[in-house]
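Subject: Structure handover

Hello,

Here is the structure I said I would pass on. Please look at it first, then read my notes below.

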Amino acid sequence: MSRRTSPPPSPLPQRDGVDAVRVRLPADGLWATVRDHLVARLSAATEAIDAMLDAGSIVDVDGRPVSRDMTYMPGMSVWFHRDLPTEERVPFEIEVLYRDEHLVVADKPHFLATTPRGSHVAETALARLRRELGVPALSAAHRLDRLTAGVVLFIVRPEERGAYQSLFRDKRVRKAYEAVASYDPTLALPRTVRSRIVKERGVLAACEVPGEPNAVSRIELMEHRDGRARYRLLPRTGQTHQLRVHMSTLGVPILGDPLYPVVTSPVPAGDFRRPLQLLARSLEFTDPVTGCEHRFVSPRELRAWSSYEAWAT
């Protein structure tokens with residue numbers, strides 16, 4: 001079996017910490033020109049694509065502008081920068097917990113996406129760190145939900161990306177989360193929750209369905225007061241929204257959750273009140289490159305526990 005080759009490097013520099021878009025032309029394409037394929041493939045209007053071609057904004061692997069009449073070449077790649085969406089700045093900073101020649105470990109705030117996706121592009125943890133640290137090759141080893149705060153691991157060297165990402169794929173990272181939710185004295189804890197969780201593309205909330213469990217979480221009670229409790233959550237798997245779903249299933253949905261147990265109105269852009277009270281507290285693993293034992297801990301406090309009135313208003 002042939003080994004998968006790495007994509008060629010982008011001939012365009014990053015813009016605001018965001019990579020240029022790469023489009024690879026299909027091997028079985030029947031288009032006459034590169035322009036014809038881009039018009040058929042991209043959601044942009046024909047006039048917008050023509051304007052980019054005329055401005056020399058779409059380039060080949062050598063950085064040469066693609067013309068309107070360039071012949072379609074199967075397997076060819078072209079690059080361009082998309083127009084960035086207008087984004088509300090998340091008014092919270094990222095704290096770098098650790099940095100060496102291999103890793104950057106950051107404490108991500110609530111409301112900041114980990115990596116560019118959808119309407120969150122330049123205003124993401126990855127793009128911010130690339131700009132602030134001057135490390136354009138930085139990449140994410142894993143992701144946290146935009147609404148979840150806490151420890152995130154980033155990789156400095158592209159050639160080491162696979163080694164670090166495999167830690168998460170192979171479940172060799174010990175993760176601990178904390179959450180604040182209501183206190184139910186009848187809920188017996190600790191316990192391990194197992195279920196099958198499905199997240200359909202385009203649907204905001206994940207759901208539990210019958211079948212072989214693919215999501216396993218251990219839920220522990222840390223302390224409680226005034227009808228609220230602080231919980232330690234230990235995920236054994238990594239399904240989308242797993243901890244949020246399991247806490248809701250137990251009847252103690254995490255405070256500030258707009259999706260569970262029911263989907264409420266989307267949080268308006270610029271509304272940074274009442275963040276989801278879920279924190280990725282720590283990551284522990286053996287470094288696959290250096291062999292060092294790492295444990296990184298967020299010093300962040302969940303405000304609904306430390307100052308409920310301030311969080312609720």
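A residue is called buried when its relative accessible area is under 20%, exposed when it is over 50%, and partly exposed in between (1.4 Å probe, protein chains only). By that rule Phe296, at 7% relative accessibility, counts as buried.

Some ground rules. This is a predicted model, in which local features need pLDDT of at least 70 and side-chain atom pairs count only at pLDDT 80 or more, while totals for chains, interfaces and linings use all residues. Residues are numbered from 1 along each chain as its sequence is written, and side-chain values use heavy atoms, with hydrogens and water left out.

**Overall picture**

The protein chain has 313 residues, and 43% of them count as buried. Its secondary structure comes to seven helices and 13 strands. Helices (H or I, at least four residues) and strands (E, at least two) are DSSP runs, numbered from the N terminus. Along the principal axes, the C-alpha atoms fill a box of roughly 70 × 45 × 40 Å. The accessible surface is about 16600 Å², and carbon and sulfur atoms hold 50% of it. That area comes from the Shrake-Rupley method with a 1.4 Å probe; for residues, only the protein chains shown count as cover.

Contact means heavy atoms within 4.5 Å. Take the contacts between residues at least 6 apart in sequence: 62% of them join residues at least 24 apart.

Start with helix H5, residues 242-249. Seven of its eight residues are buried, so H5 is largely enclosed by the rest of the structure. The buried ones are Gln242, Leu243, Arg244, Val245, His246, Met247 and Ser248. They pack against several strands, among them E8 (191-198), E10 (215-225) and E11 (228-235). After H5 comes Gly251, with a positive phi near 90 degrees.

Helix H4 covers residues 161-169. Its buried residues are Tyr164, Ser166, Leu167 and Phe168. These pack against strands E4 (103-108), E6 (149-155), E7 (174-182) and E12 (278-286). Lys171 follows H4 and has a positive phi, near 60 degrees.

Arg161 also lies in H4. Arg161 is partly exposed, at 32% relative accessible area. Setting aside neighbours within four places in sequence, Arg161 is in contact with Ala137, Ser139 and Ile155. Its C-alpha atom is 8.4 Å from that of Ala140, 21 residues away along the chain.

**Aromatic rings**

How many aromatic pairs does the structure hold? Seven. Rings of Phe, Tyr and Trp (its six-membered ring) pair if their centres lie within 6.5 Å; planes under 30 degrees apart count as stacked, over 60 as edge-to-face and the rest as tilted.

One of the pairs is Tyr98 with Phe296, which is tilted: 5.1 Å centre to centre, with 40 degrees between the planes. Tyr98 is in strand E3 and Phe296 in strand E13 (residues 293-297), so this pair ties together parts that are 198 residues apart in sequence. Tyr98 counts as partly exposed, at 27% relative accessibility.

Tyr308 and Trp311 form a tilted pair too, at 5.7 Å centre to centre and 40 degrees between the planes. Both lie in helix H7 (residues 308-312), three residues apart, about one turn of the helix. Tyr308 is partly exposed at 27%, whereas Trp311 is buried at 6%. Phe92, Phe111 and Phe272 form one aromatic cluster.

**Charges over rings**

A charge sits over a ring if NZ of Lys or CZ of Arg is within 6 Å of the ring centre and within 35 degrees of the ring normal. The charged end of Arg225 sits over the Trp305 ring, 3.9 Å from its centre. Arg228 lies over the face of Tyr308, 4.0 Å from the ring centre.

**A buried histidine**

His81 is in the loop between strands E2 (77-80) and E3 (95-99). His81 is buried, at 12% relative accessible area. A polar atom of its side chain lies 2.7 Å from the backbone oxygen of Pro13.

Best wishes

Notes:
A polar contact is a pair of N or O atoms within 3.5 Å; within protein, one must be able to donate a hydrogen and the other to accept it, and residues adjacent in sequence count only if both atoms are side-chain atoms.
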